[in-house]
Amino acid sequence: MANDVINKDEIMAVYPKVAETMADALGCDVEDIKLDVSLIDGLDAESIDFLDMVFRLERAFKIKIPRGKIVENARGDLPEAEFEQKGIVTEKGLAQLKSYLSEIPDSRFKTPMKVADIPRLFTPETFCKLVVRAQREAKAPA
Amino acid sequence: MAPHFAAYSFVDRITDFVPAKHARGQFAIPPHVPEFSSCLVAEAVGQLAAWVSMAHINFRGRPVAALATETRFHTDATPGRTLDLVVDIDDCDDEAVAYSGSASIDGKTIVDLIHCLGPMLPVEDFDAPETLRARFELLRAAGASAHRFQGVAMPAVMTREHARGQSLQATLAVPSEAPYFGDHFPRRAVFPATLLLDTQIRLALDLAREAPPWKDRQVPHPARVTHVKMRSFILPGQNVDLAIDLAPLANGIAKASLNARIDERVVATARLEIAG
């Protein structure tokens with residue numbers, strides 16, 4: 001599974017290009033793309049911006065990131081019914097989410113957490129990790 | 001003439017088709033229309049990509065305009081001529097279609113679209129899937145009858161603030177009724193993104209003409225538009241606040257930022273480069 005540990009060196013290796021790509025998509029300065037800034041609350045990103053960023057990152061890194069499936073990826077192997085119930089992330093789901101989004105401080109995970117609010121957690125580091133995972137998958141033997 | 005497949009449809013025939021990968025098509029610009037703007041040419045390319053992508057997912061979804069990384073405008077299309085359209089699909093599934101494409105007349109490129117992305121939405125919300133499927137078969141076979149398009153009336157624009165050659169703020173009044181709403185789309189009328197862009201480019205060109213110094217006899221014209229991003233639908237009857245800011249001419253290019261808002265919310269953004 002692509003939810004393996006990703007070390008800081010791997011993240012920092014892709015971060016400059018990720019930051020440049022995200023800044024271009026969001027129309028902001030590259031200096032604004034701090035690793036830990038919330039894309040929605042800190043940089044006013046909307047769902048179309050997430051699509052744009054993924055689209056640009058795919059071309060910049062020549063990788064494939066499943067569009068619109070970041071939350072699905074976060075769920076990992078956990079069945080949907082165990083991850084969320086009536087739009088609220090379960091306790092088990094929250095543990096999985098915290099593991100997947102290990103870069104996000106605990107204090108930012110609300111309880112209860114709505115599935116619809118998961119993207120509010122995303123930061124540039126989340127996207128760096130997406131890139132690293134996609135790079136690993138591209139290198140993995142078929 | 002019924003508006004569906006006439007008032008805002010710009011593919012007459014699909015002449016070459018590789019499922020999910022590639023297509024060529026044609027559109028005969030009716031000789032009686034006064035003009036056929038480069039934005040409408042871009043729309044024609046996008047519509048060909050839409051047919052390929054809808055067919056690939058068996059008309060479960062239809063793409064809507066969202067992102068266009070770069071559109072290059074080479075020359076104008078002339079009424080009475082036939083556009084040759086081509087699209088190459090980079091990626092297509094139930095989520096989105098990513099494509100590039102171009103339009104030409106007699107081998108001369110009119111418009112290039114580079115790295116566009118349209119998210120897929122449920123087709124039933126916009127049109128009847130069986131009607132679209134039948135139309136696709138017609139386009140792939142004998143083709144539709146030509147010259148159905150009757151031209152398009154540009155929406156009313158009222159200038160609110162104007163700094164000559166520098167910036168402009170205006171309100172675009174989307175009509176409550178227009179023939180193109182019956183085609184784009186029959187079940188959910190949406191103001192076409194390409195008409196918004198067309199309006200913005202015309203205003204930006206007006207600004208550019210006021211801005212010195214263009215060299216003698218140089219006529220400002222749109223060279224390319226980048227970073228096109230449609231954030232939400234624009235509906236019939238809505239007022240759209242347009243803001244255009246033109247940077248000073250540098251290296252023969254004037255750059256303009258194009259912003260559109262409804263009730264303070266940004267609905268569309270783009271960057272335009274104007275050449276002389």
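Me: In which loop of chain A does Thr90(A) lie?

Reply: Thr90(A) lies in the loop between β2 (88-89) and α5 (91-100) of chain A; helices (H or I, at least four residues) and strands (E, at least two) are DSSP runs, numbered from the N terminus. This is a predicted model, in which local features need pLDDT of at least 70 and side-chain atom pairs count only at pLDDT 80 or more, while totals for chains, interfaces and linings use all residues. Residues are numbered from 1 along each chain as its sequence is written, chains are lettered from A and ligands numbered from 1 in the order in which they are written, and side-chain values use heavy atoms, with hydrogens and water left out.

Me: Why is Thr90(A) called buried?

Reply: Buried means under 20% relative accessible area, exposed over 50%, and partly exposed in between (1.4 Å probe, protein chains only). Thr90(A) has 15% relative accessibility and therefore counts as buried.

Me: With which residues is Thr90(A) in contact, leaving aside its neighbours within four places in sequence?

Reply: They are Glu82(A), Phe83(A), Glu84(A) and Gln85(A), where contact means heavy atoms within 4.5 Å.

Me: What makes strand β10 (residues 221-230) of chain B largely enclosed by the rest of the structure?

Reply: Of the 10 residues of β10(B), 8 are buried, so the strand is largely enclosed.

Me: How do you know that β10(B) and strand β13 (residues 265-275) of chain B pair?

Reply: Two strands pair if DSSP finds at least two bridges between them. β10(B) and β13(B) have 7 bridges, in the antiparallel sense, and one of the bridge partners is Thr269(B) in β13(B), facing Lys229(B). Strand β4 (residues 67-73) of chain B also pairs with β10(B) in the antiparallel sense, over 5 bridges.

Me: What makes the pair Arg231(B) and Glu46(A) a salt bridge?

Reply: A salt bridge is a side-chain nitrogen of Lys or Arg within 4 Å of a carboxyl oxygen of Asp or Glu. The closest N and O atoms of Arg231(B) and Glu46(A) are 3.3 Å apart, and the pair forms a salt bridge. Across the interface of chain A and chain B the rule finds 7 salt bridges.

Me: Which element supplies the largest share of the side of chain A that touches chain B?

Reply: That share, 7 residues, comes from α2(A). Helix α2 (residues 47-61) of chain A has 15 residues, and 12 of these are buried.

Note on methods
The expected span of a helix is 1.5 Å times one less than its number of residues.
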